[in-house]
Amino acid sequence: MAQLLITGGAGFIGSHTCLILLEAGYDLVVLDNFSNSSSESLRRVAELSKIGHEDRLKVFEGDIRSREDLDRVFFSARDGIHAVVHFAGLKAVGESLLFPLAYWDVNVGGSRTLLAAMRRHGCRTIVFSSSATLYGDPREVPITEKSKVQPINPYGRTKAAIEKMLSGYAKAEAGWRIAFLRYFNPVGAHQSGQIGESPSGIPNNLFPFVSQVAIGLRDHLQVFGGDWPTKDGTAIRDYIHVMDLAEGHRAALELLQHEEPQVLTFNLGSGQGYSVIEVIKAFEQESGRSVPYVIGARRKGDVACSVADPSYAAKCLGWRTKRSLNEMCRDSWLWQQSSPQGYLE
Ligand SMILES: NC(=O)c1ccc[n+]([C@@H]2O[C@H](COP(=O)([O-])OP(=O)(O)OC[C@H]3O[C@@H](n4cnc5c(N)ncnc54)[C@H](O)[C@@H]3O)[C@@H](O)[C@H]2O)c1
């Protein structure tokens, strides 16, 4: 079966996607520097997928910015790497405002080094983790793939730059198969509660924060802005269950491998927006716990509303989300209860 390189495969979305891809029969090689993850996630992925022998999931500790680390990984594959699923990178909007150069270095520099390694080793298929952040403050909602790319923070600008670099490269050299998957807001966890999002320090995202408040690790949630032009004044996002997102990667890989070389862009979201208050209520229902919150000032770099039009992905990939907001809350809560400190224990 085809062997895939998964960069950043130990992280939140990478680990869930590894599980789906192993179940689909692919053999995987993961390259991760564990700067924001633990190898424990992959140990649990191996356990959940019941892979018979460790050959099907090889793990290399290394950096996408290192030519040597990448060569080591490509040479390890007996029959070559058929495709890359590229998750590795830095992902926090607020941090990118404080340390923009680190974002250009890891995200853009790392992707450039990866692209060069793919060329050297004759691999021309890549699925890239892009982000709805590159739409900035969208003029119209729902957002289609044709909506303007106008990122408003360094993180979003690095994602836009990587898309440009890869699509520009595909024009210069024939044979590239590329999918940009623009994720909306990935949340939730595997239904076993064994793998999930394991943020280090104070979570940047709403779901891990809400979970930590519900379980008593934090006493309240700080809501960023109650004066947005939305139904209840709190910001609206399109949340997508991480297992639905993982299935989107499998669909994209299958399409790329069976079609002519081309560059494709897909919004991966549910098409349904929920406010922060609606998320809190759903989480309270599923956990049976109360989630106290305080409404504070807006956060720099945030927007009022971001919701995908996922119809192009539905048409081309035959993919759409299946899991509801309540399932996202239920699975996040299960993960939070089974691993209150993430993978740290
Ligand atoms: N989680 C989200 O809300 C979200 C939304 C849109 C897009 N994305 C993108 O999806 C991808 C995965 O996100 P995630 O939430 O799983 O993040 P994550 O931090 O959990 O996973 C990223 C992984 O990459 C690894 N990594 C970081 N720098 C590396 C380097 N230089 N070399 C090798 N490995 C490195 C980290 O250790 C981690 O395991 C990222 O590219 C992110 O920008 C995430």
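The side chain of Ser192 reaches the backbone nitrogen of Gln194 at 3.0 Å, which is a polar contact (a pair of N or O atoms within 3.5 Å; within protein, one must be able to donate a hydrogen and the other to accept it, and residues adjacent in sequence count only if both atoms are side-chain atoms). This is a predicted model, in which local features need pLDDT of at least 70, side-chain atom pairs count only at pLDDT 80 or more, and totals for chains, interfaces and linings use all residues. Residues are numbered from 1 along each chain as its sequence is written, and side-chain values use heavy atoms, with hydrogens and water left out.

**Ser192**

- Ser192 sits in the loop between β7 (185–187) and α7 (206–214); helices (H or I, at least four residues) and strands (E, at least two) are DSSP runs, numbered from the N terminus.
- Ser192 counts as partly exposed because its relative accessibility is 28%; buried means under 20% relative accessible area, exposed over 50%, and partly exposed in between (1.4 Å probe, protein chains only).
- A second polar contact, of 2.7 Å, joins the side chain of Ser192 to that of His190.
- Not counting residues up to four places away in sequence, Ser192 touches Leu48 and Leu334, where contact means heavy atoms within 4.5 Å.
- From C-alpha to C-alpha, Ser192 and Ser270 are 22 Å apart in space, and they are 78 residues apart in sequence.

**The ligand and its shell**

- There are 28 residues around the ligand, and Asp32, Asn36, Ser37, Phe87 and Tyr155 come nearest; a residue is near a molecule or strand if one of its heavy atoms lies within 4 Å of it.
- By type, the residues of the shell are twelve nonpolar, eleven polar and five charged. Ala, Val, Leu, Ile, Met, Phe, Trp, Tyr, Cys and Pro count as nonpolar, Asp, Glu, Lys and Arg as charged, and the others, Gly among them, as polar.
- At least two residues of the shell come from each of α1 (12–23), β5 (125–131) and α6 (154–172). The largest share, three residues, is supplied by β5.
- In the side chain of Tyr155, an N or O atom is 2.6 Å from an oxygen atom of the ligand.
- For the side chain of Asn36, the distance from an N or O atom to an oxygen atom of the ligand is 2.7 Å.
- A polar backbone atom of Ile13 is 2.8 Å from an oxygen atom of the ligand.
- On its own the ligand has 820 Å² of accessible area, and the protein covers 96% of this. Accessible areas come from the Shrake-Rupley method with a 1.4 Å probe; for residues, only the protein chains shown count as cover.

**Nonpolar cores**

- A nonpolar core is a set of buried Ala, Val, Leu, Ile, Met, Phe, Trp, Tyr and Cys residues joined through side-chain atoms within 4.5 Å.
- The largest one has 43 residues, and Ile6, Leu28, Leu268 and Leu317 have the most contacts inside it. Helix α8 (residues 242–258) gives the most to this core, with seven residues.
- Another core lies apart from this one; it has 26 residues, including Leu5, Val84, Val108 and Ala170.
- Leaving aside neighbours within four places in sequence, the contacts of Leu268 include Leu181, Tyr183, Phe184, Ala313, Leu317 and Trp319.

**Buried residues in strands and a helix**

- Thr7 is part of strand β1 (residues 3–7) and counts as buried because its relative accessibility is 0%.
- The side chains of Thr7 and His86 make a polar contact of 2.7 Å. Residues that Thr7 touches, beyond four places away in sequence, include Leu31, Ile64, Val84 and Leu114.
- His241 belongs to strand β10 (residues 239–241) and is buried because its relative accessible area is 1%.
- The side chain of His241 reaches the backbone oxygen of Ala189 at 3.4 Å, and a polar atom of that side chain lies 3.0 Å from the backbone nitrogen of Met243.
- In helix α3 (residues 67–76), the buried residues are Asp69, Leu70, Asp71, Val73 and Phe74. They pack against β1, β2 (27–32), β3 (57–61), β4 (83–86) and α5 (100–120).

**An exposed residue**

- Leu98 lies in helix α4 (residues 93–98) and is exposed because its relative accessible area is 63%.
- Between the C-alpha atoms of Leu98 and Pro154 the separation is 9.3 Å, and these residues are 56 apart along the chain.
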